[in-house]
Amino acid sequence: MFPKKPPMGFNTWNTFGPDIDDKTIRETADAMVDKGLLKAGYEYLVIDDCWSERKRDPETDKIIPDKIKFPNGMRSVSDYVHSKGLKFGMYSCAGVLTCAGYPGSFDHEFLDAKTFAEYGADFLKYDYCFKPGDVNGTLLYRRISMALQNCGRDILLSACNWGADNVHDWIRSTGSGMYRSTGDINDSFKSFRDIFLSQVGNFKYSGPGCFNDIDMLTVGMHNKGNVAASGCTDTEYRTEFALWCMAGVPLMLGCDLREIDDTTLKLVTNPYLLRINQDEECRPIFQVRGEGGNIYVRILSGGELAIMLVNFADRKYPVFFPFEHIGLPTSVKKGLALKNAFTGEDEGVEKEYIRTPVDAHDCAVYIAKVVDL
Ligand code: GLA
């Protein structure tokens with residue numbers, strides 16, 4: 001499948017880890033619809049690792065869903081997810097085992113792709129653990145992609161090799177629709193900051209058809225669940241979400257959507273941030289010189305710009321962003337009309353620069369338009 005915009009949805013791993021079952025998935029599907037997340041664009045509900053029995057069926061060689069976790073089988077779960085208007089995602093691995101030790105798809109790619117098609121899957125996350133050392137990883141992503149393209153269903157391939165082997169160089173050629181470029185996130189400021197910073201130079205490889213995936217969001221987890229670490233403040237979560245939106249990467253929520261708090265719900269459904277993330281031109285961000293923080297800019301369609309001033313430091317700083325660094329010296333007599341992307345409020349026109357105090361770990365995000373002075 002060739003996604004034209006960064007895919008959006010939910011993945012079970014960050015909160016539930018191995019503790020997934022039929023009920024949890026159905027309740028999550030309900031929450032995605034009832035809380036307006038589907039309406040905002042979050043359409044994939046992806047079941048991650050630990051969904052199957054430990055052994056394949058000895059007769060058919062197929063992977064079989066865990067009989068206790070999923071007593072009604074996967075088709076029934078998938079039918080329910082589809083009945084809510086959502087898309088259904090599954091998980092497997094390029095190696096002989098998944099990362100948690102369940103059967104992987106190595107040497108079973110065509111059979112498993114057919115099985116996922118029978119389940120009604122629309123998305124397949126494909127991990128990289130337990131890959132036989134002598135086998136070329138690129139080849140394995142090509143193989144599963146071919147298997148999916150010939151399985152009779154349109155299934156988005158979500159590759160997950162954590163950035164190994166300069167993945168951005170070749171992954172688009174395999175037919176993958178998105179690709180994990182980094183190691184696993186955990187629920188801490190340091191984790192999402194380091195993940196984002198490691199990819200700033202690589203977003204130029206990301207775009208329609210094949211998006212750089214910097215992992216499922218921890219926004220709103222508040223240190224509960226499978227990837228709990230130190231937890232984050234709401235300020236830090238809004239910085240995380242804004243970074244993912246600016247970067248134009250897939251937005252896969254990871255908190256427990258059945259219990260999502262109002263602040264988080266408002267953040268992840270914010271139409272201005274989502275407009276930045278889902279911009280049809282999918283241009284990469286670029287970093288701009290300034291003082292007091294990191295400044296990222298992204299050209300949007302319709303002559304608009306997205307601007308983010310981030311303070312990764314541990315104390316408040318005035319951040320200074322002179323417009324000459326994006327090609328607007330004073331001589332052109334142009335300014336920027338700024339809309340605050342968190343509140344949607346117009347903040348007037350700035351002439352030569354933005355100078356604004358930004359709290360520790362916080363950010364300011366604007367949608368801007370060039371105007372005559
Ligand atoms: C790897 C992936 C994670 C998750 C786990 C499941 O670590 O990177 O996103 O899928 O495997 O075991």
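I started with charges over rings and found the charged end of R54 over the ring of Y102, 4.0 Å from the ring centre. For this I required NZ of Lys or CZ of Arg within 6 Å of the ring centre and within 35 degrees of the ring normal. R355 has its charged end over the ring of Y353, at 5.6 Å from the centre.

The model is predicted, so I used local features only at pLDDT of at least 70 and side-chain atom pairs only at pLDDT 80 or more, while totals for chains, interfaces and linings use all residues. Residues are numbered from 1 along each chain as its sequence is written, and side-chain values use heavy atoms, without hydrogens and water.

Next I searched the whole structure for aromatic pairs and found 15. I counted rings of Phe, Tyr and Trp (its six-membered ring) with centres within 6.5 Å; planes under 30 degrees apart are stacked, over 60 edge-to-face, the rest tilted.

W51 and Y119 are an edge-to-face pair, 6.0 Å centre to centre with 85 degrees between the planes. The two are 68 residues apart, with W51 in the loop between β2 and α4 and Y119 in helix α5. Helices (H or I, at least four residues) and strands (E, at least two) are DSSP runs, numbered from the N terminus.

W51 is buried at 3% relative accessible area, and Y119 is buried at 8%. Buried means under 20%, exposed over 50%, partly exposed in between (1.4 Å probe, protein chains only).

Y141 and W170 have ring centres 6.3 Å apart and planes at 40 degrees, so I noted the pair as tilted. Both are buried.

Which residues do ring pairs link into a cluster? I listed Y126, Y128, Y141, W162 and W170.
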